[in-house]
Amino acid sequence: MKARINALSDASRQIQLTYRPTFFRLDNPSERSALDGLLASGDVAFAHDEIHGQLRELIKMKSPAVKIKETDYADLISSHLAGKDIDSYGVWVYYPWSRRLVHMLDKQEFIQVRSNRNQYKITKKEQDELATKIIGIIGLSVGQSVALTLAMERGFGELRLTDFDTLELSNLNRIRSGVHNLGIPKVVITAREIAEIDPFLHVICYFDGLTEENMDDFFTGNGKIDLLVDECDSLDIKIISRFKARDLGIPVLMDTSDRGMLDVERFDLEPDRPLLHGTIDNVDPKTIRGLSTEDKIPVMLQMLGIENISLRAKASMLEVEQTINTWPQLASSVVLGGALGADVCRRILLDQFHESGRYYIDLDELISDKKQTDEKVHTKHNPFAPLWKEDMKSLSAGVKLETLPDDIIPDNETIKQLVSAASAAPSTGNDQPWKWFYKNGVLYLFHDEFRSFSFGDFQKTASFISLGAAYENLSIHALNLGLEPYYAFFPDSSTEKVVAAIRFRALQPKRETDLVKPLDSAIFRRHTNRLLAPKSSVGEDLLSRLKVMAESIPGVQLKYFTDEADLRSLAMIIGACDKIRLLNPEGHYDFVHREMRWTNEEAERTRDGIDIQTLGLGHSLMAAMGVIRSEKVINAVKELGGGNALGMLAMRTVSTASALCLISLPGYSLKNFFEGGRSMERFWLEATNLNLAIHPLISPLYLFSRILHGNGEGLEEANIRELSMLRERFNKITGSGNNDAEVFLAKIAIAEEPVLKAHRLALEDILVFDGEI
């Protein structure tokens, strides 16, 4: 059995590239003899002789106003044959790929009958005009649909098809073909079907797709094409072919099979028109050649305009090379694209349509429920009001402090210097949750909950890390001004918003101050460095120096992770937490509306948040950010059960890490988070002096606290279960305890210093002096 199947397969491979039928006209002796030989060979498996029915149609169409009786057809057909044997009339057409022999009217009569029902949507004169036209099609998914629709309408005289690919099983969701064609070139499949519809249409196949080598022949060989239909996936060819079309004055059509979008570029009427309406002016076809499917997406988004893509298509783009191999297409959209493409091709070729542009036949919009339920858009109410001067004055009045004899009262200018240093500290999402009030020699540090209210600031822990880092900057700078600050901590008192009351005394020589004073030079240079550089090793001596500095705050423990298996596991945990956060309505809202600044202008204006340019993302991830920004897209991804791509940035980030580190203290309390913030800042400033790049990766810490100390508050049950499993893995790798104050999880690497850095609020917006108006 297997041998017989293999023999049959070998025979079929011999005709794998055949797409033109053979014609036999029996009034030609040599062709009659050739047909006799074909019949004798046994290569004809099926014979179809419906010439009588075709002659009936021909006779009927010649006299449409006459009611021909059934009994009259025999004489009318006999008269038309004029004594010629009906078996010899017309032409016999053999299709070697299906081994079918078909008897049909010869060319002119065949065309008359087959195109008869086009009239008068297409007139005889227009049909003759179309028969002179040459159309080129690149790419045969939507391209196949366009080609077959054009063939059915007889919308061309010659068709040039290019595609280098063969039919795969997954193509059958949108390409009209049968399973017997798997492995056959798409150009052959399309050309064969056209030949079976109309064997007199002239089709030329380019089996290697459109290349720079065959481009001249495709565009101008044996006559210049009159119109180009671009449906290829190769972005470089998509661009290069347009350059060629523009140079030759050839109009270009493209259907995207999404929202029924048809793109028209009339280079024949507008010889200087920008390619793809100016959307790719900065794209070099040489640099995008060979891109992966994932990396093609940002260029496609740029070409199509992210705002113009359907919701499901955007959601699917986040799943490319995650849960799906490539971007999806549906047969309904492809067939619609074939109809739109063929219709506009015809009207351009007949000089009935002259515009360039993008046109949408969006079925979801045109045919929809009359009563549409408004989609719920998540909004977040901030229950806190900004802290104003009178608030701080009133709250500080309730703080009772004993005046000590060695206290020093710094002047206002000194306080400004100290608070400027403090404000250079890092904060979650660069929210800068601090306010400062100076009165009677005491500098009060306030927690401005209006600025920090967010999904990430669970139980205020993130804010107190930031506030501790701000205090540490102030303290280090004060030491270098000859002052020794000390503070009273008030997070659990009735004042609540007052974090610390800071006083100053003359600096006394101490070993600890000698350790940290050199950090002052790094305060205004410290930054988050998200740039990716080749993975490199950081020496144990440098890691040791960082550990000493971080643990100079009593109770702090700093752990390093350099084992590749541990790094991969931690990256997966971080990525999973990033995904949970972004798929959470509040987490996503904070990311889009609270943290990110989507333009440089917005970052300059607000002086807070994260300028998207500082993320150091490539084109692919920048495009993904634009997609992620949409709440509707995120909801669609969630409904589809996807979102793995939302965690891939962490994998990419950790892949270039020299080490990951974790700063923690035993005991879950706001005081420990404050002290942990001080340790984090010392660590970070030392790293800055050592020219090491630090990139916080903190989503696990803020999410774990919700399941460990908040009964999963704000999380869905599935998230709680997943986070519980992730926590177990995290503890196994890090040796953490569930009651620790986990302050800082970060990447350590060696990378160039970024050009763009985070902005800071103006001093007058965060510092108030008692008595100032």
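Rings of Phe, Tyr and Trp (its six-membered ring) are taken to pair if their centres lie within 6.5 Å, with planes under 30 degrees apart counted as stacked, over 60 as edge-to-face and the rest as tilted. Ring pairs of this kind link Phe464, Tyr471, Tyr487, Phe489 and Phe674 into a cluster. The structure is a predicted model, in which local features need pLDDT of at least 70 and side-chain atom pairs count only at pLDDT 80 or more, while totals for chains, interfaces and linings use all residues. Residues are numbered from 1 along each chain as its sequence is written, and side-chain values use heavy atoms, with hydrogens and water left out.

**Aromatic pairs**

- By the ring rule given above, the count comes to 21 aromatic pairs.
- Tyr471 and Tyr487 form an edge-to-face pair, with 4.8 Å centre to centre and 65° between the planes.
- This pair links distant parts of the chain, since Tyr471 lies in helix 19 (residues 461-480) and Tyr487 in strand 15, 16 residues apart; helices (H or I, at least four residues) and strands (E, at least two) are DSSP runs numbered from the N terminus.
- Tyr471 counts as buried at 2% relative accessibility, where buried means under 20% relative accessible area, exposed over 50% and partly exposed in between (1.4 Å probe, protein chains only).
- Phe704 and Phe730 form a tilted pair, at 5.3 Å centre to centre and with 55° between the planes.
- Phe704 lies in helix 29 (residues 699-709) and Phe730 in helix 30 (residues 717-734), so the pair ties together parts that are 26 residues apart in sequence.
- Phe704 and Phe730 are both buried.

**Strand 16 and its partners**

- Strand 16 (residues 498-506) is mostly covered, seven of its nine residues being buried.
- Strand 15 (residues 483-489) runs antiparallel to strand 16 and is joined to it by seven bridges, two strands being paired if DSSP finds at least two bridges between them.
- Within this pairing, Glu484 has Arg505 of strand 16 as its bridge partner.
- Strand 14 (residues 442-447) also pairs with strand 16 in the antiparallel sense, over four bridges, and Leu443 stands opposite Ile502 in strand 16.
- Strand 12 (residues 407-408) pairs with strand 16 in the antiparallel sense over two bridges, with Ile408 standing opposite Phe504.

**Charges over rings**

- Arg56 lies over the face of Tyr73, at 4.1 Å from the ring centre; a charge sits over a ring if NZ of Lys or CZ of Arg is within 6 Å of the ring centre and within 35 degrees of the ring normal.
- The charged end of Arg347 sits over the ring of Phe353, 5.3 Å from its centre.

**Surroundings of Thr149**

- Thr149 is placed in helix 7 (residues 142-153) and is buried, with a relative accessible area of 17%.
- Not counting residues up to four places away in sequence, Thr149 touches Gly338, Ala339 and Ala342, contact meaning heavy atoms within 4.5 Å.

**Cysteines**

- The structure holds zero disulfides, a disulfide being a pair of cysteine sulfur atoms within 2.5 Å.
- Cys232 is in no disulfide, and the nearest cysteine sulfur, that of Cys345, is 15 Å away; Cys232 counts as buried at 10% relative accessibility.
- Cys661 is likewise in no disulfide, the nearest cysteine sulfur being that of Cys577, 17 Å away, and Cys661 is buried with a relative accessible area of 0%.
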